[in-house]
Amino acid sequence: QVQVRESGGGLVQPGGSLRLSCTGSGTFHDFYAMGWYRQAPGKQREMVAVITVTGFTNYADFVKGRFTISRDNADYTAHLQMVSLEPEDTAVYYCLTGSTRTEVLNGVGHWGQGTQVTVSS
């Protein structure tokens, strides 16, 4: 059974930084692609960034230059480094893992429970 867990959320002031982590257990196939999504209150869940085991990345236009996704293939861990955070970044951030990049880009795979990020002064 695949398990996915997020950590690292919290309260940060505008302009601040946070680093989210996603860890899990399963097979290589289940973690070929790992991604971060977010859902703000009253809004649909949206893709933030995706990375494959080969290091290929995709980013949403609204985070380019501020967020960086990375991963450690040895232990199925992915990170999302976020800088210059804005109140509009407030959301629950979810980790998603899957067997192909296309699956994860389309929101298909194994979801974590989410971690809250609040950007407020």
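Me: This is a predicted model. Let's begin with one pair of facing residues. Which residue in E8 does phenylalanine 67 stand opposite?
Reply: Strand E7 covers residues 67-72. Its residue phenylalanine 67 faces a residue of E8. That residue is methionine 82.

Me: How many bridges join E7 to E8?
Reply: The two strands run antiparallel. They form a hairpin with 4 residues between them. The number of bridges joining them is 6.

Me: Which residue in the turn of that hairpin has a positive phi?
Reply: The turn belongs to the hairpin of E7 and E8. The phi in question is about 55°. The residue is tyrosine 76.

Me: Over how many bridges do E3 and E8 pair?
Reply: E3 spans residues 18-25 and pairs with E8 in the antiparallel sense. Cysteine 22 stands opposite alanine 78 in E8. Leucine 18 stands opposite methionine 82 in E8. The count of bridges for E3 and E8 is 5.

Me: In what order do the 4 strands of the open sheet stand?
Reply: Strands of a sheet pair through backbone hydrogen bonds, either parallel or antiparallel. In this sheet the pairing is antiparallel. The order is E1-E3-E8-E7.

Me: Which strands stand at the edges of the sheet?
Reply: An edge strand here has a single partner strand, so one side of it is left without a neighbour in the sheet.

Me: What is the average twist from one strand to the next?
Reply: The sheet in question is the open one with the order E1-E3-E8-E7. Its average twist from strand to strand is 15°.

Me: Why is E8 largely enclosed by the rest of the structure?
Reply: E8 runs over residues 77-82, which makes 6 residues. Buried means under 20% relative accessible area. E8 is largely enclosed because the number of its residues that are buried is 5.

Me: Now the charged side chains. Is arginine 38 buried or exposed?
Reply: Arginine 38 sits in strand E4. Its relative accessibility is 7%. The cut-off for buried is under 20%. So arginine 38 counts as buried.

Me: How far apart are the closest N and O atoms in the salt bridge of aspartate 89 with arginine 38?
Reply: Aspartate 89 is in the loop between E8 and E9, and arginine 38 is in E4. The pair therefore ties together parts that are 51 residues apart in sequence. Both residues are buried. The closest N and O atoms are 2.9 Å apart.

Me: Which aspartate meets arginine 66 in a salt bridge?
Reply: Arginine 66 lies in the loop between E6 and E7. At 13% relative accessible area, arginine 66 is buried. The bridge is 2.8 Å, N to O. The partner is aspartate 89.

Me: Which residues do salt bridges that share partners join into one network?
Reply: The structure holds 3 salt bridges. One of them joins arginine 38 and glutamate 46. Glutamate 46 counts as partly exposed, at 31% relative accessibility, whereas aspartate 89 is buried at 1%. The network consists of Arg38, Glu46, Arg66 and Asp89.

Me: Last one. How far from glycine 55 is tyrosine 32 in space, C-alpha to C-alpha?
Reply: Tyrosine 32 is in the loop between E3 and E4. Its contacts include Thr54 and Arg71. In sequence, tyrosine 32 and glycine 55 are 23 residues apart. In space, the distance is 10 Å.

Methods
Residues numbered from 1 in each chain as written. Predicted model: local features only at pLDDT ≥ 70, side-chain atom pairs only at ≥ 80, totals over all residues. Heavy atoms only, no water. Buried < 20%, exposed > 50% of the residue type's maximum accessible area, 1.4 Å probe, protein only. Pairing = 2+ DSSP bridges. Axes fitted to C-alpha atoms, helices over the stretch in contact; angles between N-to-C directions. Contact = heavy atoms within 4.5 Å. Salt bridge = Lys/Arg side-chain N within 4 Å of Asp/Glu carboxyl O. Lists of a residue's contacts leave out its neighbours within four places in sequence.
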